[in-house]
Amino acid sequence: MTSKELTTKEAKGRVLLSRAAGGKKKPAPGATLVLLAEDLEAIAQSDRLLEVQLQSARKPEVPAVDLAQLPKGLLPALGRAFKAALAQRIVDRRLPRTIGALLGKKPLLFFLADAVLPAAGAPARPAAIATDGAARPTAADGPGSSAPVTSAQSGPGAPAISFVDRFDAAFSSLDRASGRLNYVTLHALRAALPDIPRDTFDTELAALRRQRRYSLDPSDGRHHQMAEAERDAGIMEAGNLLVYVARRDDA
């Protein structure tokens, strides 16, 4: 529908723009949604509106945005419904897989792609140590997840922590930061384990998938436009670019 068509009498009765007209600052391209008046409540609860508002409000130097700032610019009725719906979504931990929140008196929301992650997480469980002091994989690690895979150590002369321990810890930390949605990007996980070569990372992750501990999924492109770095971190299989990791419930 064109701007001219939106000005007709019939359109004005049913069609709304998410942002109020006027104002000195012109909205960025894609920052305004077209919706039907009867769909206002549904749009207020949608992932799309949340992502559009967060993208409009964030700044490179301040990527985390106060919840109270996100409704700015919206039509009053839509802004009120959006703020109430978002507050409830945070309580229910029902955010899109691309967005995280820091809870508190003034919740802050951010895109996971903006998060700076630690080089390596603490191990979920210690590696088994033999009587000679050498690190040994635990039974749960299985083949392809032996201790010498990574160089991370807990101190001078300490045995290396196994890939599975570091991967489990990194996934848990990232998932917790994003609202426990059980969806973490491969890009974020690779960034959390920067000392592991890509080939080794992929081989070890394949072993975890064979053990049915984790699965990989592609992006549907509806809720988040993947950045080039996120696409580059993906794994191509059967014509699909797999970019998200999920922990399996049946593991």
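**Close-up views of a predicted model**

**Figure 1. The largest nonpolar core of the predicted model.** This core has 21 residues, and those with the most contacts inside it are F163, F167, L189, L193, F201, L205 and V245. At least two residues each are supplied by helix 6 (163-177), helix 7 (186-192), helix 8 (198-210), strand 9 (214-218) and strand 11 (240-247). Helix 6 gives the most to this core, with six residues. A second, separate core holds 19 residues, among them L54, L67, L70 and L74. In soluble globular proteins, nonpolar side chains tend to be buried together.

**Figure 2. The packing of helix 4 against helix 5.** Helix 4 spans residues 47-57 and helix 5 spans residues 76-92; their axes lie 11 Å apart, and the helices pack at an angle of about 100 degrees. Angles of 65 to 115 degrees count as roughly perpendicular, and helix 4 and helix 5 are therefore roughly perpendicular to each other. On the side of helix 4, the residues that meet helix 5 are D47, L49, L50 and Q53. Their counterparts in helix 5 are L78, F82, L86 and R89. By class, the contact of helix 4 with helix 5 comprises five nonpolar, one polar and two charged residues.

Figure 3. R93 is placed in the loop between helix 5 and strand 4 (99-102). The phi angle of R93 is near 55 degrees, a positive value in a residue other than glycine. The relative accessibility of R93 is 41%.

Figure 4. N182 lies in the loop between helix 6 and strand 8 (184-185). Although N182 is not a glycine, its phi is positive, at about 60 degrees. With a relative accessible area of 22%, N182 is partly exposed.

**Figure 5. The protein chain as the setting of these views.** The protein chain contains nine helices and eleven strands. Of its 251 residues, 39% count as buried. The accessible surface of the protein chain comes to about 14,100 Å², and 56% of this surface belongs to carbon and sulfur atoms. Among contacts in the protein chain with a separation of 6 or more, 59% are accounted for by residues 24 or more positions apart.

Key
Residues numbered from 1 in each chain as written. Predicted model: local features only at pLDDT ≥ 70, side-chain atom pairs only at ≥ 80, totals over all residues. Heavy atoms only, no water. Helix = DSSP H or I, 4+ residues; strand = E, 2+ residues; numbered from the N terminus. Buried < 20%, exposed > 50% of the residue type's maximum accessible area, 1.4 Å probe, protein only. Contact = heavy atoms within 4.5 Å. Areas by Shrake-Rupley, 256 points an atom, 1.4 Å probe, with all protein chains shown as cover. Axes fitted to C-alpha atoms, helices over the stretch in contact; angles between N-to-C directions. Parallel < 35°, antiparallel > 145°, perpendicular 65-115°, else oblique. Nonpolar A, V, L, I, M, F, W, Y, C, P; charged D, E, K, R; others polar. Core = buried A, V, L, I, M, F, W, Y, C linked by side-chain atoms within 4.5 Å.
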